[in-house]
Amino acid sequence: DPYSSYSNTASATTSACPGFNGDFELGPVGWSEYSTHGWPLIINSGFPGDLTPHGGSWAVWLGGEYDDVSRITQSVTVPGGSPYLGYWHWIASADVCGYDYGRVYVNGATVDALDLCGTYDTGGWGHRVVNLSAYAGTTVSLQIYAHTDSYLNSNWFIDDVAFQASPSPLATGTRQSPVPWDLVPRIAVGQEDTWHPEPVEK
């Protein structure tokens, strides 16, 4: 299994690549971002509920809108001595499983796959690790991607993406309160009263 699921028991050492901006504290520098509906993805304000970035002031908000594809992409060199890609993520979804999903792609190949659904809500920041040792020492296209459909909102928050020497996820620490799904999807300023939670069940 090339991925590690959510864990709160292990520790590891992370390393940053020069110019990688995996903590997003430089905003979108180094990353390209795309949303079907034109939402900014790497943000430092406007998070729903009590959600705050895992570290610093910036994080990534994927999803949060119906019928949306959202993704961030950059080219990065996988360090030979630290080929495991770790990232912090937070799933907040009202959906049932099997519809909305998140992916991590390397050179277009899926290296991590998640259902974005209520069953897998994390209720806080959790850490995942992807084994990229097959790409060690090479420069690859790294993409973090979310797809949502037309019913029942899903959100995937990402922060502190870093390479590490260990395959073990980092300790999670204190859990935070869940993000109330009725505070999303994203609503443009001035349009706050135009959206109501979707009652349709799949």
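Me: Let's start with Phe 24: buried or exposed?
Reply: This is a predicted model, to be clear. Phe 24 counts as buried, because its relative accessibility is 0% and the cut-off for buried is under 20%.

Me: And Trp 31, buried or exposed?
Reply: Trp 31 counts as buried too, since its relative accessibility is 7%.

Me: How many aromatic pairs are there in the whole structure?
Reply: A search of the whole structure turns up 8 aromatic pairs. Among them is a tilted one between Phe 24 and Trp 31, with 5.4 Å centre to centre and 35° between the planes.

Me: Which residues make up the aromatic cluster with those two?
Reply: Phe 20, Phe 24, Trp 31 and Phe 163 form one aromatic cluster.

Me: What about Tyr 87 and Trp 156, how do they pair?
Reply: Tyr 87 and Trp 156 pair edge-to-face, at 6.2 Å centre to centre with 80° between the planes. Tyr 87 sits in strand 7 and Trp 156 in strand 12, so the pair ties together parts 69 residues apart in sequence. Both Tyr 87 and Trp 156 are buried.

Me: In what sense does strand 7 pair with strand 12?
Reply: Antiparallel, over 9 bridges, with strand 7 spanning residues 84-93. Gly 86 stands opposite Ala 162 of strand 12 there.

Me: And strand 5?
Reply: Strand 5, residues 59-63, also pairs with strand 12 in the antiparallel sense, over 4 bridges. Val 60 stands opposite Ile 158 in strand 12.

Conventions:
Residues are numbered from 1 along each chain as its sequence is written. This is a predicted model: local features need pLDDT of at least 70, side-chain atom pairs count only at pLDDT 80 or more; totals for chains, interfaces and linings use all residues. Side-chain values use heavy atoms; hydrogens and water are left out. Two strands pair if DSSP finds at least two bridges between them. Helices (H or I, at least four residues) and strands (E, at least two) are DSSP runs, numbered from the N terminus. Rings of Phe, Tyr and Trp (its six-membered ring) pair if their centres lie within 6.5 Å; planes under 30 degrees apart count as stacked, over 60 as edge-to-face and the rest as tilted. Buried means under 20% relative accessible area, exposed over 50%, partly exposed in between (1.4 Å probe, protein chains only).
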